[in-house]
Amino acid sequence: MKERVLDGKTILVTGGAGFIGSRFIRLMLGRYPKLRIIILDALTYAGNLDILRDVGCDPRYEFIRGDIRDKKLVAGIFEHVQAVFHFAAETHVDRSIVDAGEFVLTDVFGSFILLEALRRAPHVEFFVHVSTDEVYGSRDEGFFKETDALNPSSPYAASKAGADRLAYAYHVTYGLPVVIVRPSNNYGSHQYPEKFIPLFVTNAMEGRSLPLYGKGLNVRDWLFVEDNCRGIELAARCGAFGEAYNIGANDEHRNIDVAKRIVKLLGKSKDLIKFVPDRLGHDRRYALNCRKLRALGWRTEVSFEAGLERTVQWYVENEDWWRKIKERSADFKSFYAAYYKDRK
Ligand code: NAD
Ligand code: DAU
């Protein structure tokens, strides 16, 4: 298959002020000198313009604060772009357990608005839909292939599964140029400190306890964010329309072991680790078979050992970045207060 060309194009990146979207923009600007990027991001609690600070004031990107559910705004933007990378979503599983509403509205309905805009914009050459490995649900052994049934278990994962299949349906029904990617757990710099690794790193730095769910035996496949972004870019260039591509590192670790590594890297005591009531419907293990993307030439470059060290170092060197979020964000505090109150 002929590779799709990215340089010289204008692309839309939804959710570009979030963790993965912002790292993707950084990669793309570094790789393609003639690329132009329009970022559409609502700047929800998880979005943060500070996250693009290290990208600088590059004239090749334009930031639009807006909602992917705003049909008119989205239609207007689609007139000016040749490709779309759709990252925007509500992403935190615990929040979806507390209140699933925004997940259905953003992840499913928001994706629907974008796909409808795609239907009306035949000049758009391709649309990359960023899904997740959580759509498959949990498995104790073996690895999920792209053709396996989806069996999501949290409201977040179910919303993502709805969007994933909607993107597929728009390809089948209307022949739209959709490529779907399903990455595993990402980690790296600039991740919002409600997610496991940045929460544990920053809590440990503050001398606060590390709330480990259940017995800490759940397993995640940790993928360094830059490896993921290279995978997404490759799927955009070489992936087949209507197909899904797993992106995983095959670097599986139990939560308890990750927590221990974090305290060790920071020179803190293991006593900071506190077992707390388990997450409701907690998936035990995610694991992906990634042969399909590897066949296109993708490989991870960063092992979990090296990536975790780099990540911890980044949080140590960028305290102002996460302290602003943790200390000044009323939302952060009120969410956790409500969550733990309900589970006592
Ligand atoms: P994030 O929570 O860090 O960022 C999400 C971004 O989307 C934020 O900037 C937010 O402001 C924006 N957003 C939310 N609702 C919006 C709306 N209605 N309109 C416009 N913008 C909106 O998320 P992330 O971790 O960077 O994840 C990005 C994508 O990758 C998501 O689709 C997520 O489901 C998927 N994913 C994430 C992981 C992971 O480990 N983080 C793994 C697999 C897949
Ligand atoms: O697998 C991909 C998914 O990874 C993405 O689609 C999601 O957007 C992303 O949030 C992530 O979901 P997880 O639920 O796996 O990630 P989280 O960081 O919330 O939790 C990772 C593991 O750590 C999980 O087993 C729950 C556990 N955990 C998490 C938190 C926040 C704890 O033990 N304590 C905690 O405080």
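User: Which exposed residues sit on the face of H10 turned away from its buried side?

Analyst: Keep in mind that this is a predicted model. In H10, the buried residues include Phe304, Leu308 and Trp314. The face turned away from that buried side carries two exposed residues, Glu305 and Glu317.

User: How wide an arc do the buried residues of H10 cover around the axis?

Analyst: The buried set in H10 is Phe304, Gly307, Leu308, Thr311, Val312, Trp314 and Tyr315. They lie on the same side of H10, because the arc they cover around the axis is only 155 degrees.

User: How far apart are the end C-alpha atoms of helix H10?

Analyst: Helix H10 runs over residues 304–317, which makes 14 residues. At 1.5 Å a residue it should span 20 Å. The model agrees, with its end C-alpha atoms apart by 20 Å.

User: Is Leu265 buried, partly exposed or exposed?

Analyst: Leu265 belongs to helix H8, residues 255–266. Buried would need under 20% relative accessible area and exposed over 50%. Leu265 has 38%, so it counts as partly exposed.

User: Which residues does Leu265 contact, leaving aside its neighbours within four places in sequence?

Analyst: Leu265 sits in H8, and its partners here include Leu308, one of the buried residues of H10.

User: What radius of gyration does the protein chain have?

Analyst: The protein chain has twelve helices and twelve strands, and 58% of its residues count as buried. A compact globule with 344 residues would come out near 20 Å. The chain agrees with that, at 19 Å.

Definitions and conventions. Residues are numbered from 1 along each chain as its sequence is written. Chains are lettered from A and ligands numbered from 1 in the order in which they are written. This is a predicted model: local features need pLDDT of at least 70, side-chain atom pairs count only at pLDDT 80 or more; totals for chains, interfaces and linings use all residues. Side-chain values use heavy atoms; hydrogens and water are left out. Helices (H or I, at least four residues) and strands (E, at least two) are DSSP runs, numbered from the N terminus. Buried means under 20% relative accessible area, exposed over 50%, partly exposed in between (1.4 Å probe, protein chains only). Contact means heavy atoms within 4.5 Å. The expected span of a helix is 1.5 Å times one less than its number of residues. The arc is that of the directions from the helix axis to the C-beta atoms. The radius of gyration is taken over C-alpha atoms; the globule rule is 2.2 Å times the number of residues to the power 0.38.
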